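Biologist: I would like to go through this model feature by feature. Please give the general idea first, then the case at hand.

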Amino acid sequence: FCGVPHHSARNYWLRLLRKGYKVAIADQLEDPAEAKGLVKRDIVRTLTPGCIDDPEALENDAPNYVLALHEEPGSGKWALALADLSTGEMRLGSVESLLQVRQAVERFKPKELIARRFFHEELAKLLTAYRTDNRLLLESLPEAPLRDRAEQKSVLTNIFGKGELASQPCGDIIGGEALVAALLAHFRSLQAGFSQFLSIRPLFE
C-alpha cells in the first residue's frame, strides 16, 4: 500500500503480518528538496510473520517460530531448525521423511517455513490441509551458505563461539551446520538481528 501517513503505517503493517503476509517497507533515500527529478526510493526493511521484533505484533500465549529445513544430499535425512527471534530460542534436530516434517509443523506451529525453492511445490501439497486452518508463509532458504563450508564455520563461530555443532546442546546433526548458517543468512537479509541466539538446543526434548 502507499499514501498511508507515516505515523499510522505501523498499524497497517502489523495487521498484515498477523494475517500471514510479508511486508516490504520502502522509503525515500534523499531529501526531496535536494533531489533532481524523482526522489530515490528503495526497500529499507522487510518484515515477515516469523521475523517480528515488535511486542505488539506477537501473540502472548504462543511462540513465534520459524521452521527451516534442509535435506542433506545422499543422507536421506532432513535437518530441521526451529527459531524464535523474539526470545532467542533455537533448536536443531533431524527427521527421516517428509511425513515427519509435516508432523513437526503440526507440533510446533511455525509462522514461517523456510526451504530451498525447488521443494516449495511439494511442501505446499504436503501441508495443504494444515495451511487451510493455519497461516504459514513459505519462504526460500539461501543457497550459498548450504554449499560453503568456510562460511558455515565463520557464521557459527561468530554467533556461538565455535564453528562446529558438537559443542552445542543439540550435538552433531547431519546437514545442521549448513542449515543454521543458511537460516541466519535469511535473518540477515531481512535486517533482523540475531545476537540473542546463545545456544542451540535439541529439537525434540
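Biologist: Let me start with a pair of side chains. Where do Glu 121 and Lys 125 lie, and how many residues apart are they?

Modeller: Both are in helix 3, four residues apart, which is about one turn of the helix. Keep in mind that this is a predicted model.

Biologist: What do the side chains of Glu 121 and Lys 125 form?

Modeller: The general idea comes first. Side chains of opposite charge can pair when their charged atoms come close. Here Glu 121 and Lys 125 meet in a salt bridge, with 3.7 Å from N to O. The cut-off for a salt bridge is 4 Å, so the pair is counted.

Biologist: Are Glu 121 and Lys 125 buried or exposed?

Modeller: The cut-off for exposed is over 50% relative accessible area. Glu 121 has 57% and is exposed. Lys 125, with 60%, is exposed as well.

Biologist: Which residue forms a salt bridge with Arg 149, and which parts of the chain does the pair link?

Modeller: The partner of Arg 149 is Glu 177, and their closest N and O atoms are 3.1 Å apart. This pair links distant parts of the chain, since Arg 149 belongs to helix 6 and Glu 177 to helix 7, 28 residues apart. Arg 149 is partly exposed at 38% relative accessibility, whereas Glu 177, at 14%, counts as buried.

Biologist: How do helix 6 and helix 7 pack?

Modeller: Read the angle and the axis separation together. Helix 6 covers residues 149–160 and helix 7 covers residues 176–189; they pack at about 70°, and their axes are 9 Å apart. The two helices are therefore roughly perpendicular to each other.

Biologist: Which residues make the contact?

Modeller: From helix 6 the contact takes Arg 149, Gln 152, Val 155, Leu 156, Ile 159 and Phe 160. Helix 7 contributes Glu 177, Ala 178, Val 180, Ala 181, Leu 184 and Arg 188. Sorted by class, the contact has eight nonpolar, one polar and three charged residues.

Biologist: Now to burial along a helix. Which residues of helix 2 are buried?

Modeller: Helix 2 spans residues 98–108, and its buried residues are Leu 98, Val 101, Ala 104, Val 105 and Phe 108. Around the axis they cover an arc of only 105°, so they are on the same side of helix 2.

Biologist: What do the buried residues of helix 2 pack against?

Modeller: They pack against strands 3, 4, 5 and 6, and also against helix 3 and helix 4. After helix 2 comes Lys 109, with a positive phi near 50°.

Biologist: What does the whole chain look like in numbers?

Modeller: It has seven helices and eight strands. Of its 205 residues, 45% count as buried. Among contacts in the chain with a separation of 6 or more, 61% come from residues 24 or more positions apart.

Technical notes:
Residues numbered from 1 in each chain as written. Predicted model: local features only at pLDDT ≥ 70, side-chain atom pairs only at ≥ 80, totals over all residues. Heavy atoms only, no water. Buried < 20%, exposed > 50% of the residue type's maximum accessible area, 1.4 Å probe, protein only. Arc of directions from axis to C-beta. Contact = heavy atoms within 4.5 Å. Axes fitted to C-alpha atoms, helices over the stretch in contact; angles between N-to-C directions. Parallel < 35°, antiparallel > 145°, perpendicular 65-115°, else oblique. Nonpolar A, V, L, I, M, F, W, Y, C, P; charged D, E, K, R; others polar.
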